[in-house]
Amino acid sequence: MNYLAIDASTEACSVALQVNDNVYSRYELCPQSHSLRLLPMIDELLKEADVTLQQLDGLIFGQGPGSFTGVRIGVGVAQGLAFSANLPVVGVSGLQAMAQSAFEQYQQKQVIAAIDARMNEVYNGYFIVDDNNIMQAQCDEAVTPPEKLAQHFANIAPSAAYGVGTGWDAYSAQLSVLKSNDGSPEILFPNAVAMLTIGAAKFSQGLGVSAEEAQPVYVRDTVSWQKLPGRE
C-alpha cells in the first residue's frame with residue numbers, strides 16, 4: 001500500500017512517502033514557515049518517487065497535540081490533498097509518533113513523550129510497544145504542569161522510561177526523575193516516517209475516514225493567554 005504522511009504540529013515540518021517498499025522523506029526545522037514549506041516538500045517527494053496523489057491509497061496526518069497554528073495547517077493541507085485525490089485519511093498523534101521513532105531507532109519499548117506546551121505545561125503520554133511493534137498509549141494524552149507530571153504517571157509508569165520531546169529540556173529540574181536516558185533527548189519532534197508505520201496499521205484496521213472527517217486533537221481545549229477583567 002502507498003501512503004503519504006505529513007506533520008506540521010511542532011517546530012519541525014515533516015513529510016514521508018511510502019511507495020511499495022520504498023520510503024522517501026523530508027524533515028526540516030522551520031518554525032513559523034510550515035505554510036510555505038509543506039506543499040513544496042510534498043511535491044518534491046511525489047516527483048522523487050514518480051507517483052501522483054491519485055496513485056496513493058491513503059493520507060496520514062499529524063493530528064497534534066502541538067502548536068495550534070501548526071496543527072491546523074497540517075490538517076488543512078491533508079484535507080485539501082485528500083479531497084483532490086479522493087483519498088481516505090487517518091490522524092496520528094505526534095506524541096505516539098515520537099514514541100514510535102524511539103522504538104524504531106533505539107529499540108525502546110517504554111517511552112514517555114513530553115512536548116513543551118508553553119504556559120508552564122507539557123503535552124504528555126506514556127507508550128508501550130505492542131505485539132505488532134506499534135507503540136500504544138497506556139493513558140489518555142494530557143497537558144500537565146511539569147511539577148505534577150510525576151504524580152500523573154505514578155500509577156501508570158512504575159519506573160523511569162525513555163524520554164522523547166522538548167519538554168525534558170524545558171523543564172529538566174521537574175521532569176528528570178522520570179527519564180531513563182541522560183541529557184537532551186535524541187528525539188525532540190515528531191517525524192512523518194514514524195507516522196507511516198502507525199498510519200498504515202490504522203488503515204489496515206479499517207480506521208480510515210473521509211477528508212471532511214479529519215480532526216485535530218489539541219488536548220488543551222481552551223487557551224487563556226491573558227485573563228481580562230470580567231472575562232472567563
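I am working from a predicted model.

**Entry 1: salt bridges.** I searched the whole structure and found 7 salt bridges. One of them joins the side chains of Arg26 and Glu48, at 2.9 Å from N to O. I checked where the partners sit: Arg26 is in strand S3 and Glu48 is in helix H1. The two are 22 residues apart, so I noted a link between distant parts of the chain. Arg26 is partly exposed at 26% relative accessible area. Glu48 is partly exposed too, at 43%. I then followed the network of salt bridges, which links Arg26, Glu28, Arg37, Glu44 and Glu48.

**Entry 2: within helix H1.** I looked up Asp43 and Lys47, whose side chains meet in a salt bridge at 3.1 Å, N to O. Both lie in helix H1, 4 residues apart, or about one turn. Asp43 is partly exposed at 36%, whereas Lys47 is exposed at 62%.

**Entry 3: Asp116.** Asp116 forms a salt bridge with Arg118, with 3.1 Å between the closest N and O atoms. Is Asp116 buried or exposed? I found it buried, at 16% relative accessibility. Arg118 is partly exposed at 47%.

**Entry 4: two loop residues.** Glu121 lies in the loop between strands S6 and S7. I read 18% relative accessible area there; Glu121 is buried because that is under 20%. Beyond its sequence neighbours within four places, its contacts include Asp116, Tyr171 and Arg220. Thr166 is in the loop between strand S10 and helix H5. Thr166 is buried at 17%. Asp116 turns up again here, among the contacts of Thr166.

How values were computed. Residues are numbered from 1 along each chain as its sequence is written. This is a predicted model: local features need pLDDT of at least 70, side-chain atom pairs count only at pLDDT 80 or more; totals for chains, interfaces and linings use all residues. Side-chain values use heavy atoms; hydrogens and water are left out. Buried means under 20% relative accessible area, exposed over 50%, partly exposed in between (1.4 Å probe, protein chains only). Contact means heavy atoms within 4.5 Å. A salt bridge is a side-chain nitrogen of Lys or Arg within 4 Å of a carboxyl oxygen of Asp or Glu.
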